[in-house]
Amino acid sequence: MALQKIADFYPNYQEEIFAGDDIKGFDVYAGDSDEKVGTVYDALVDDTGRFRYLVIDTGIWIFGKKVLLPIGSARFDYGAHRVYATGLRNKAQAEQLPAYNELEAIDYDREEQVRGVYRNQGTAAARTATPASYDRSSYSYDMDRPLYETNEQQHQNLKLYEERLIANKHRAKTGEVAVGKRVETETARASVPIEKERVVIDRVTPVEAGQVVSVGDADFQSGEVARMEVYEETADIHKEAFVREEVNVTKEVVRSTVEGEETLRREELDVKTDGTAVVDNKKNKKI
């Protein structure tokens, strides 16, 4: 897991974690002795927010070298602003630890060097995983619980955390629809029947043709003798615009449910008693 400084993960860590205290600057003492070995320079958490290390500035003890102290190897005394490095026994052990450089990322190999020093100190922390039982891809901090676990006895103000599955949704533009018009052309044909009138002159020979007509019956004249109007129809083919259809553009919301699944972790207190000690383990809710 990637490690990061406590202030980067918890910007308000003093109030959220330590009830108003700031552990940076706490004096650090070797084991349970009064031998001061330095001060707390910083604290490192993993990408879930769990405490993993204190960064100890050894000052003049080892010429300003900064080293990592697993959180399970530290005991806090908030009243005295002290940290007792129960896993850091002497100067020789501190000299074996790799130097911490805040400009360099702490990778798996560097953590293994740190764990190796604390495992070999002959204490309870040594009863942890052995390098032969895991590799880079299978290692878990739970394999070294004595180095990384926290408890109420040694870390009174440290809070216990649990992971919760938070479901949020974000609105993002996925595209847009533009509705326009285009003009298409086609050739249309129409036909309309028309009528034309014509004058038909039918000349026939009457029955009395050839018979003599008396002078009084003969009516010789010149000029117009008949008039008849003639009509015809012409085709009137033209185009007109009509409303064909109406288009309404709207949006509708389609709802669906997206399900997700994650493995959640939760920290629990491990309270150990010796002899006939009575522990009143109460859980109080803040108002």
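Author: Helices (H or I, at least four residues) and strands (E, at least two) are DSSP runs, numbered from the N terminus. This is a predicted model, in which local features need pLDDT of at least 70, side-chain atom pairs count only at pLDDT 80 or more, and totals for chains, interfaces and linings use all residues. Residues are numbered from 1 along each chain as its sequence is written, and side-chain values use heavy atoms, with hydrogens and water left out.

Reader: Is Val247 buried or exposed?

Author: Val247 is placed in the segment after helix 5 (145-148). Buried means under 20% relative accessible area, exposed over 50%, and partly exposed in between (1.4 Å probe, protein chains only). Because its relative accessibility is 60%, Val247 counts as exposed.

Reader: Is Leu69 buried or exposed?

Author: Leu69 belongs to strand 5 (residues 66-70). Leaving aside residues up to four places away in sequence, Leu69 touches Arg52, Tyr53, Leu54, Ile56, Ala74, Ala85, Leu88 and Tyr118, where contact means heavy atoms within 4.5 Å. Since its relative accessibility is 0%, Leu69 counts as buried.

Reader: What separates the C-alpha atoms of Leu69 and Leu44?

Author: Leu69 and Leu44 stand 25 residues apart along the chain. The separation of their C-alpha atoms is 9.9 Å.

Reader: Against which elements do the buried residues of helix 4 pack?

Author: Helix 4 covers residues 108-119. Its buried residues include Tyr108, Val114 and Tyr118. The buried residues of helix 4 pack against strand 4 (51-57), strand 5, helix 3 (91-96) and helix 5.

Definitions and conventions. The expected span of a helix is 1.5 Å times one less than its number of residues.
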